[in-house]
Amino acid sequence: MDFNAFIDGFAVVTQPTNLMYCLIGVLIGMLIGVLPGLGPAATMAILLPIAYGAASDGNQVAAIIMLAGIYYGAQYGGTITSVLLRIPGEASSVVTVFDGFALAKQGKAGTALGIAAIGSFVGATVSIIGLTLLGPIVASYALDFGPPEYAALALLGVLLVATVGNGNTVKALVAAAIGLLLATVGSDSFSSADRFTFNTLELQSGIDFVVVAMGLFGVGEILYNLEERHGKPHVPAAIANIWPSRKDLKQSSPAIARGSVIGFFLGVLPGGGAVMASLAAYAAEKKVAKDPSRFGRGAIEGVAGPESANNAAATSSFIPLLTIGIPANASMAMLYAALLVVGVAPGPQLIDERPDLFWGVVNSMYIGNLILLALSIPLVGIFVKILRVRPAILAPITALITILGVYTINNSVFDIFVMIAFGIVGYLMKKTGFEPGPMVLAFVLGSLVESSFRRSMLLFEGDPTGFVTRPISGVIIVFIVMVIALPVIQLVLRRRSSSNTPSDPSNPSEHHDQEAGVR
Amino acid sequence: MTMSERETRTADEPDILAELQAEVARDLAEERPPAGGPAYQVIPALVVLVLGAGAAYLAHGYGLGSLRRPGPGLWPFAVSVLIMVLAVVLLVVGRTLDDAEKFTRSSLLVLVGAATFVGLGLLLPTLGFEIPAILLGIVWLRFLGGETWRSTIVISVATTAVFYVLFLYGLKIPLPHLIAF
């Protein structure tokens, strides 16, 4: 590791502009984490034009620092609503609801929030240290990757995001495949033949992924939320004594440690990320507990584990993006888009070519998490007040930011209409059970997959077995086959065993998936 | 700690877990429309199938080339075929899924919301952003959100003013605007 570059990174972060953007990012993140409705990916999508604006002022690093802050900040905020209102602010805080709200009912909301904040901080910091140490090593390996490796890796990423995510796998795969198809619109980079342009000039340069993401995530979610009935006012539970006692800390520290490690590893996996990590950590805590029946009735480990894990995962999911250039989940796809928007090519060369950006962003997370820890314990009361702001007031504000923002990217009214079209598609997808996440991720990676595939075919002189005979791409192909084969095998086994019982309601992961899908 | 916790549980909360689960289920059922029937599964699958078929037809026309020399149409054609296959799978196995939501009367709100987006897009180049933005605010706050007229006006005007400062001065992004200083 280049130690000087690491230290210089701190010099980058502590520049007043960058510190300010970091603060704004984590504050926005925490805010949207607290407010149910908009997720981090949607918020990042909506704010991409602002990143673009900042970058054209020469603040590339600041823009990325801010967007990164939104993602990990949201993990802190999501906890607050889970504990106080029984509403997960984010999908990654769904499991926190069980024990967090039970604790709140027993008058221990403060303890739950305090432990969650400490666990979040520890989890995130463990992951940043991992990122700091491992990032350069992974990047130096990835420098040797050729087109076949990239084709296989990007395809594996798309596949995992589709199969691991919420909801029906076939539907997620459909969404991903359509995303790959959308990426081919425009003139072909190899032969410059027009594809799916329908003889329009606007489509010749392809569909701008920022516009697509803002439509599918931003407008889609805004429209979808319009339909929600807001009959009941949210009355948060009262909180007292936010500082956890020494006994609570002692009881939850093993859970925090386990959660951090689980989160770190699941975050690195494509398709993993914060949601899966929090579920896995909860399951792990329940498994190692002496008395598993305590879970769901106010076990502090049930808050500590998942909250440490989701922050650790949120942080470690930056590793594949910053070192290989492959986003591991939909939020990272937004950051990938943001890097391209500010004119930086994500990939293993990033760390050498733009050490200021790499280390600036990585080190901003140390500082951002310190800010979050400082904010989330003493200022919890203020965030609770924000919960009283009616969603009806926030909706037009987000709508306006989205429309005005998308216009400013290219000063183009055409973009507004493309975004609205994708917004309606996104709404209809959510209504019919298709997740827009895999589509956006596949769309962002689409041109990389295609160009790598075609370069590989030229390299192999038309022999597709070349993918398997190269060691690294071969291993990745084996993974791809496993990911495809595993669910099919499971399905066959389940069909066979459940021929006398028509349905299997006791599958816990399915239950969680449905709950997570609500957000 | 564990002892006292369990004591309180048996004393005043017979089973928090069961209670919580029931509450969550009730809330979710209240906030979202009910699940749609088989038509909600079949129609999207058919749309996907048609999309895949259309794309495959077009891609074929762009020239597939060979594996040795892939043409511009090869990759989109392969993806389109995949889309068609997945759509057929969905038609076969997906008919009984219950992950789709019914369209209800409140879905009309979404239509109105989308219409205001289109309206702003149409008016922006000619009228500048201020008046359309205030109009959008009024529709969303008063008619979609049920706010009072007073807060509707205050919030719409204030939001537009903040955006004016943010975009034109803060970010120095040129938006079409009426009022110039």
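Into which domains is chain B divided? In this predicted model, the assignment gives domain 1 (2-31), domain 2 (39-93) and domain 3 (107-170) of chain B. The centres of domain 2 of chain B and domain 3 of chain B, taken over C-alpha atoms, are separated by 40 Å. Of its 181 residues, 29% count as buried. Where contacts in chain B join residues at least 6 apart in sequence, 56% of them link residues at least 24 apart.

The contact between the two chains was examined next. It takes 69 residues from chain B and 65 residues from chain A. On the side of chain B that touches chain A, two or more residues are given by each of α1 (2-12), α2 (16-31), α3 (39-61), α4 (74-93), α5 (107-127), α6 (130-144) and α7 (149-170) of chain B. Among these elements, α5(B) gives the most, with 11 residues. Sorted by class, this side of chain B comprises 47 nonpolar, 12 polar and 10 charged residues.

The largest nonpolar core has 219 residues, of which Ala51(A), Val174(A) and Ala338(A) touch the most other members. The element that gives the most to this core is helix α4 (residues 60-85) of chain A, with 17 residues. Chain B also takes part, as at least three residues of the core are drawn from each of domain 2 (39-93) and domain 3 (107-170) of that chain. With residues up to four places away in sequence not counted, Ala338(A) touches Leu48(A), Ala51(A), Ala63(A), Ile64(A) and Leu67(A).

Helix packing within chain A is illustrated by one pair. Helix α9 (residues 209-226) of chain A packs with helix α20 (residues 436-459) of chain A at an angle of about 175 degrees, and their axes are 10 Å apart. Because angles over 145 degrees count as roughly antiparallel, α9(A) is roughly antiparallel to α20(A). On the α9(A) side, the contact is made by Phe209(A), Val212(A), Ala213(A), Leu216(A), Phe217(A) and Gly220(A). From α20(A), the residues involved are Pro436(A), Met439(A), Val440(A), Phe443(A) and Val444(A).

How values were computed: Residues are numbered from 1 along each chain as its sequence is written. Chains are lettered from A and ligands numbered from 1 in the order in which they are written. This is a predicted model: local features need pLDDT of at least 70, side-chain atom pairs count only at pLDDT 80 or more; totals for chains, interfaces and linings use all residues. Two residues are in contact if their C-beta atoms, placed from the backbone, lie within 7 Å. Helices (H or I, at least four residues) and strands (E, at least two) are DSSP runs, numbered from the N terminus. Ala, Val, Leu, Ile, Met, Phe, Trp, Tyr, Cys and Pro count as nonpolar, Asp, Glu, Lys and Arg as charged, and the others, Gly among them, as polar. Domain bounds come from an automatic or database domain assignment. Axes are lines fitted to C-alpha atoms, for helices over the stretch in contact, and angles run from 0 to 180 degrees between N-to-C directions. Angles under 35 degrees count as roughly parallel, over 145 as roughly antiparallel, 65 to 115 as roughly perpendicular and the rest as oblique. A nonpolar core is a set of buried Ala, Val, Leu, Ile, Met, Phe, Trp, Tyr and Cys residues joined through C-beta atoms within 7 Å. A residue is buried if 20 or more other C-beta atoms lie within 10 Å of its own, exposed if 12 or fewer, and partly exposed in between; C-beta atoms are placed from the backbone.
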